[in-house]
Amino acid sequence: MAIGLSVLWTAMPFIVRNIGGTEQHVGYIWAANMLGYLVCLLLAASMLGHLAPRHTTRAAAAVMLLATLGMAAVVYYTIGFCEGGRPLLIWTMIGGATLAGAAMSLFWPFLMTWVSSDYEGTLLNRRLGAYNGMWSFASIMGPLIGGVLVEMNTLGPIAAGVVFLVICFILLCLAHDRSAGAAASAEGVDRLETCFDREVLLRFKWMARIALFCSWVGLGVSRSQFALLFTNLGFSETEFGVLVTLFGVCNFLVLTSAGRFAVWHFKTLPLLGLQVVLGLSLLLMIHGRTLWAFVPAFVVMGSAFGFAYSSHLYYGACGSKKRSTEMAIHEATISLGVIIGSGTGGYLSWRYGAYSPYWFAIIVLAIGLLAQLVVYAGPRIRRAGRGA
């Protein structure tokens with residue numbers, strides 16, 4: 001699933017451009033995808049949480065496959081029979097992306113619940129690290145494939161997405177209820193790390209949630225609008241795929257390291273510093289004009305992104321009795337960040353110029369850093385006031 005999605009969504013800005021879409025449409029299509037995901041995620045968490053993950057994940061893969069086939073038909077017809085594209089066809093693509101996002105709400109949260117069930121403490125951290133390592137390693141390969149394929153043929157990345165969705169569906173059909181959690185009975189669950197202060201956990205959970213939201217706003221801008229800016233500066237789609245691959249490598253390394261080591265647990269400075277380094281990566285995108293200026297931007301963003309993702313996933317799952325609800329909140333935070341980042345970025349780029357989305361993302365990061373400081377210092381200030 002991760003390979004197929006990274007292939008498709010790395011290439012999507014170029015696909016939309018090639019069928020006659022504008023910067024606005026490029027921003028809207030990913031925002032619509034995640035809006036469908038967010039709305040149905042809220043419904044799935046409240047109404048479908050009792051369903052077995054093996055059933056929901058298979059249904060999700062099947063519906064996503066149908067939606068992707070529909071998008072492939074639109075692209076094929078547009079390129080072959082109506083040069084320049086038509087607004088109705090572009091909005092049909094956006095509708096297909098919305099349907100795929102809605103179906104995805106039955107995949108990721110249920111899969112995370114499936115693989116983390118019966119784990120706590122150190123074993124939970126390692127289990128989530130293994131899960132994060134798998135999808136992030138898959139995401140290393142996808143962007144380069146997507147960049148190369150879309151430069152060769154606009155339909156290529158969608159065809160590749162269809163193939164990977166078929167493979168995903170077959171693998172899910174081979175899995176059974178105990179596939180993901182069989183190791184739980186082989187090792188004793190480490191309960192030592194579950195003796196924590198609930199107030200401290202809540203504080204870190206919200207600081208990590210703010211960091212996750214801000215990082216996905218930045219990613220929503222950089223993965224949608226920067227793709228067009230990058231090629232307008234004279235670079236190729238393949239080179240953009242290389243940049244996103246570097247992002248994926250750094251993301252993978254940080255996610256797997258965070259899953260192996262617990263030294264970062266309940267440490268404040270990494271969560272605060274994350275906002276700052278994300279802002280630096282966006283400044284590099286604004287002022288960069290050469291490939292070697294953009295490389296560190298994506299390296300820094302990939303590393304910070306990985307830590308934000310891992311932190312929120314761990315603090316959310318830590319000590320939670322309703323883990324499926326926490327996974328749904330995790331995915332809802334991600335989707336809300338993409339909706340705001342990609343959707344607002346597309347509008348700002350169309351209305352106010354190519355660089356305005358990045359300044360918007362920097363403002364969001366600054367507000368996020370201030371909110372983190374309030375969450376961190378608020379209880380201390382209240383206690384000091386009561387003591388006085």
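This is a predicted model: local features need pLDDT of at least 70, side-chain atom pairs count only at pLDDT 80 or more; totals for chains, interfaces and linings use all residues.
## Phe 266

Phe 266 belongs to the loop that links α9 (237-260) to α10 (268-287). The phi angle of Phe 266 is near 60°, a positive value in a residue that is not glycine.

## Leu 369

Leu 369 lies in helix α13, which spans residues 356-387. Its relative accessibility is 24%, so Leu 369 is classed as partly exposed.

Leu 369 and Gln 275 are 94 residues apart along the chain, yet their C-alpha atoms are separated by 6.1 Å. Gln 275 is also one of the contacts of Leu 369 when residues up to four places away in sequence are not counted; the others are Leu 272 and Val 276.

## Helix α3 against α1

Helix α1 (residues 2-18) packs on helix α3 (residues 53-81) with the axes 14 Å apart and an angle of about 30° between them. This angle makes α1 roughly parallel to α3, because the parallel class takes angles under 35 degrees. The crossing of the pair is left-handed.

On the α1 side the contact is formed by Leu 5, Leu 8, Met 12 and Ile 15, and on the α3 side by Met 64, Thr 68, Met 71 and Val 75. Sorted by class, the contact between α1 and α3 holds seven nonpolar residues and one polar residue, with no charged residues.

## Helix α3 against α7

The axes of α3 and helix α7 (residues 156-174) cross at roughly 165° and come within 9 Å. The two helices are therefore roughly antiparallel, as the antiparallel class takes angles over 145 degrees. The crossing of α3 with α7 is left-handed.

From α3, the contact draws on Thr 57, Arg 58, Ala 61, Ala 62, Met 64, Leu 65, Thr 68, Leu 69, Met 71, Ala 72 and Val 75; from α7, on Ile 158, Val 162, Leu 165, Val 166, Phe 169, Leu 172 and Cys 173. These residues of the α3 and α7 contact comprise 15 nonpolar, two polar and one charged. Met 64, Thr 68, Met 71 and Val 75 of α3 are listed here and also in the contact with α1.

## Arg 58

The side chain of Arg 58 comes to 3.4 Å from the backbone oxygen of Arg 54. With neighbours within four places in sequence left aside, Arg 58 is in contact with Phe 169, Leu 172, Cys 173 and Ala 175.

## Helix α3 against α5

Helix α5 (residues 108-116) packs against α3 at an angle of about 145°, and the two axes are 9 Å apart. Here too α3 makes a left-handed crossing.

Which residues meet in this contact? Pro 53, Arg 54, Thr 56 and Thr 57 of α3 meet Phe 110, Leu 111 and Trp 114 of α5. By class, the α3 and α5 contact contains four nonpolar, two polar and one charged residues.

Note on methods:
Residues are numbered from 1 along each chain as its sequence is written. Side-chain values use heavy atoms; hydrogens and water are left out. Axes are lines fitted to C-alpha atoms, for helices over the stretch in contact, and angles run from 0 to 180 degrees between N-to-C directions. Helices (H or I, at least four residues) and strands (E, at least two) are DSSP runs, numbered from the N terminus. Angles under 35 degrees count as roughly parallel, over 145 as roughly antiparallel, 65 to 115 as roughly perpendicular and the rest as oblique. A crossing is left-handed if the near helix is turned anticlockwise from the far one by less than a right angle, and right-handed if clockwise. Contact means heavy atoms within 4.5 Å. Ala, Val, Leu, Ile, Met, Phe, Trp, Tyr, Cys and Pro count as nonpolar, Asp, Glu, Lys and Arg as charged, and the others, Gly among them, as polar. A polar contact is a pair of N or O atoms within 3.5 Å; within protein, one must be able to donate a hydrogen and the other to accept it, and residues adjacent in sequence count only if both atoms are side-chain atoms. Buried means under 20% relative accessible area, exposed over 50%, partly exposed in between (1.4 Å probe, protein chains only).
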